[in-house]
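Thanks for coming, everyone. Please bring the model up on your screens, and we will walk through it together.

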Amino acid sequence: MLRFLTRRTIGAAFILLIVAAVTFFLFFAVPADPARLACGKVCPPETLAQARHNLGLDQPIFVQFVEWLAGIFVGREYEGLGHCPAPCLGYSFVNREPVFETIIDRLPVTLSLTIGASVVFLIFGIGTGIVAALKQGKPLDKIASVSSLVGASVQIYFIGTLAMYFLVFQWQVIERPRYVPLTEDPIGWAYGLMLPWVVLAIIFTANYTRMTRSTMVEQLGEDYVRTARAKGMSGRTVVMRFALRGTLTPLATIFGIDLASLIGGAIITETTFSLQGIGRLSIQSVTNSDLPMLMATVLLAAAAIVVLNVIVDALYAVIDPRVRLS
Amino acid sequence: MQPLLELKGLTKYFPVTGGFIFKRQVGNVHAVDGVDLKVGEGETVGLVGESGCGKSTLGRLAARLYEPTFGKVLYRGQDISTASRRELKPIRPEIQMIFQDPYSSLNPRQTVGAIISGPMEINGINPPGGHEKRVRELLETVGLNPEHYNRFPHEFSGGQRQRIGIARALALNPKLIIADEPVSALDVSIQAQVINLLQELQRDLGIAFLFIAHDLAVVRHFSQRVAVMYLGKVVEVGDRESIYLRPRHPYTHALLSAVPEATVEDEPRQRIRLAGDVPSPINPPTGCRFRTRCWKAQERCAEEAPPLIQLAGNREGHLTACHFPEAPTTSGEDVVLDPALA
Amino acid sequence: MTAVTFTETGPGRRGDSFLSVQDLHVSFSTEDGVVKAVDGLSFEVEKGTTLGIVGESGSGKSVTNLAILGLHNSEHAEIGGEIWFEDQELVGASRGTLERLRGNRIAMIFQDPLTALSPFHTIGRQIGEVYRKHKGTSKREARDRAIEMLERVGIPNAKVRVDDYPHHFSGGMRQRVMIAMALVCDPALVIADEPTTALDVTVQAQILDLLKDLQDQMGTSIILITHDLGVVAQTAHNVLVMYAGRAVERGTVREVLGTPRHPYTWGLLSSVPRLGSSVDVPLKPVRGTPPSLLNPPPGCRFHPRCDYRNLVGPDLCSTEQPELSPERGHGDACYLTLQQKQEIHTQLMEGR
């Protein structure tokens, strides 16, 4: 297990390095000049040069990249802004704030959104999947199939916008989504995020219902499930302890992908519900040509995907003792 | 006389990979390890052994579906184990295989006609009267209705499918058929039909057979000579009578004694019950491979692998690989090694 | 005061048989129609003995035994007839009743121990949970009992191996684990469904002997389902030969294997080569293939494949379904006269 994690961590770091490099060099391929933006409307050449120097843009791209990279591990000195301790992701070109602090400030919003929604759609998805599998061909199964199909075919920006328009603005049954820190007011936190959770759950539950149902049906036909029944295990035990265990592996796979895409795709969710998370941040950084901020958000999304992949692979071994990590 | 097929020191290792960061080879599955065996023209040779003994791998090596790690496969004196595609071309049609599973060895999307005429087309053989006529003849030969030319495999029962597989093997007029467990997937009453068919073909067409099976009685019924394999090695080989009535290797004794006979015996047979299962072919025991389950094993068995030789009292061609062979009889004292049975 | 004891005996109970199956029917509804997997089957198992049920695929032998434990899906399977076990009628018994019996009074051993054991749980847990469920013991006691059972079936180093998963064991050892699991509650009846078919011949011999040994020690009754008459000859006391969902012959091992009376039994016996039979005589297979259970042939289900139906006279075999007769002892379901059967069998055995 330890060997596996070491190996995969090295691999993950390598991938993140490549993602960072590609993002960095792509940024300079785009004809936008952050120095000119920072300089203001009336921008004399000497001020522009000074701004360029202050932002470190007067150095060769490669040197800039290495300095940015080194900053993450050992921190970095900025002229006029002082020391930026490790992990230093630089200062925003726009508001001269340390990028790291902004990220830390915004991350809870995105995490609350995704993790909260995950809990909702896991419970509902797996629950209805089990029920549908046990009631194959019965009305309940059919309702589950149809509704999951509907859920799977709608998009967040469609159903989310509809929900915002009708529920919040038109009928005013629920307040506008907002973020209250969990530590300050747990009830307010849950209430504020309820609408996005429900909307995300409607979309994602479908996948889990279908996946749980089909694997469960398969598992219920397995020899070892029959053995469990032949041993006199109660129906509940057979389903929960034996059959469900076999459905966890495929569920872990799609959950890893979904969670990563929720974090990576926070742009759409947060824009739809106007929440100030990482997703909004990344859009703003693109429009503002804010290189340090953009690097940070891209890297964060990439890290989420890579790390979740490693976790899912490690989970396989926990779920199924036959899987040996090597 | 030159044998039709001769295996010399034939060895096949399958690599086992593993390792940290980079995959590397950490061991070998010793599937077949230094096997010598001959099959004469028109002769039927049976190959018996339990799962993991390498009998199927040996069959595939002989048909050159695998390339050996070491050793040679001589067909009419020509080494085919290293032959190129072009050199193999005239030989391929003469060696055919029949597989165990009649369900997965036939392409479900092809008609019976296409399945059987496929080998002829690939090898550019145009029989007089055309492919279809030949296929119909073959269907008749194997006891199927020639009118079923255009049907698909799923329309046939297991036994009928195995007949289709046999017809396909016969299409190229082979000199040697390697039959890998051809009846073990079939119901008892159907097995006999297929065995009888193979025997008729063998007699009428003079085809040599390498007949691979785990059922000792079936092998006895079909084969003139029999080789017994254990963990990649031939432990005993000889004519049918020698192997079944005067076996010398303890493993052959154990196998024969374990066969459940469908008769109620008044005098119980010799009862040999080994302990445990066959060891892993990844790390086979040193010396004699059977020694870990053998009641006669001594130190020498661990140090020195016994050669396959003709023991004193054995008939010509009856070879045994054992340092401490048993008496040439099937009625001896009971040997019970399984602790749960003691 | 006088005590009057009434012993309720079910209509199907006779003698000292403690399992009695009477006129069992099992049918499944499929897209193509109704499959009559078992059609009017009756048999009995006596205490402490082994009944071998022999038949080929589709003969209904496995279906019958899943019916005893009520393991068929009640939505697809229709079950009729009576199954009496220790004064209880099992057809239509409540789920709770069946759950209390399963693994406790009646246990099963399946063909392929690799798929029949859960890959996700240690063998100690899988064996122990049966004991806990039925005996209400603590985890500790269940684990000790599991170790004891593993030792009993010959798993070396049981104290350590109890925490291993099924995939850590070889095929033969896995089947021993399965046997330990079946016997952990000391059941009165064990149903072994092709317990050695997936195993090698030397391992098969060990497992069959082990089953016999354990039966001697514990007095368990066994139903052994197999396609191999050899396995039956080695282990069973009584034999039931099944064909296409019906019993065609019944008797002691000596009777059925020594003086078989049904043409199908003859076919089974003469189609397998033996170590001692002549190799120059071709095998005598049964013609044709087993019938479809969607549309079984009328009359005797074996008649389309039977070589002797002309001896019976016109049409009887293809119109009237023969029943096992005589009702007790060595019985067979065939219209040939006893003398004819004896003559044909003697003829068949010549030259073997």
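**A covered helix in chain C**

Start with helix α7(C). Its buried residues are Gly172(C), Met173(C), Arg174(C), Gln175(C), Arg176(C), Val177(C), Met178(C), Ile179(C), Ala180(C), Met181(C), Ala182(C) and Leu183(C). Buried has a cut-off here: 20 or more other C-beta atoms lie within 10 Å of the residue's own, with C-beta atoms placed from the backbone. Exposed is 12 or fewer, and partly exposed is in between. Helices are DSSP runs of H or I with at least four residues, strands are runs of E with at least two, and both are numbered from the N terminus.

A word on the source. This is a predicted model, where local features need pLDDT of at least 70 and side-chain atom pairs count only at pLDDT 80 or more, while totals for chains, interfaces and linings use all residues. Residues are numbered from 1 along each chain as its sequence is written, and chains are lettered from A and ligands numbered from 1 in the order in which they are written.

Back to the helix. How many of the 13 residues of α7(C) are buried? Twelve, so read α7(C) as mostly covered. What covers them? The cover of the buried residues includes β6 (106-109), α3, α4, α5 (139-152), β7 (189-193) and α8 (201-218) of chain C. Now the length. Helix α7 of chain C runs over residues 171-183, and at 1.5 Å a residue its 13 residues should span 18 Å. The expected span is 1.5 Å times one less than the number of residues. The end C-alpha atoms of α7(C) are 19 Å apart, which agrees.

**The sheets of chain C**

Zoom out. Chain C has 13 helices and eleven strands. Strands pair, in our terms, if DSSP finds at least two bridges between them. In general, strands of a sheet pair through backbone hydrogen bonds, either parallel or antiparallel.

One open sheet has four strands, in the order β2-β1-β4-β5 of chain C, with antiparallel pairing. Why is one side of β2 and of β5 (88-89) of chain C left without a neighbour in the sheet? Both stand at the edges, each with a single partner strand, so one side of each has no neighbour there.

Look at β1 (residues 17-30) and β2 (residues 33-46) of chain C. They run antiparallel and are joined by eleven bridges. A hairpin of two residues links β1(C) to β2(C). Find Phe28(C): opposite it, in β2(C), stands Val35(C). Then find Leu19(C), whose bridge partner in β2(C) is Val45(C).

Another open sheet has seven strands. Its order is β6-β7-β8-β3-β9-β10-β11 of chain C, and its pairing is mixed. Which strands sit at the edges? They are β6 and β11 (331-332) of chain C, each pairing on one side only. Inside this sheet, β3 (residues 50-54) and β9 (residues 238-243) of chain C pair in the parallel sense over four bridges. Val54(C) has Val241(C) as its bridge partner in β9(C).

**Chain C as a whole**

The domain assignment, which is automatic or from a database, gives chain C a domain 1 (114-184) and a domain 2 (258-349). Their centres, taken over C-alpha atoms, are separated by 43 Å.

Of the 352 residues of chain C, 52% count as buried. The C-alpha atoms of chain C fill a box of roughly 70 × 60 × 50 Å along the principal axes.

Chain A has 13 helices and two strands. Of its 326 residues, 33% count as buried. Its C-alpha atoms fill a box of roughly 85 × 55 × 35 Å along the principal axes.

Contact means that the C-beta atoms of two residues, placed from the backbone, lie within 7 Å. By that rule, 21 residues of chain C are in contact with 17 residues of chain A. On the chain C side, α2 (95-101), α3 (113-116) and α4 (123-135) each give two or more residues. α4(C) gives the most, with three.

Last, chains B and C. Their contact takes 38 residues from chain B and 44 residues from chain C. On the chain B side, α6 (188-205), α7 (216-222) and α9 (250-258) each supply at least two residues. Which gives the most? α6(B), with nine residues. That's my tour, thank you.
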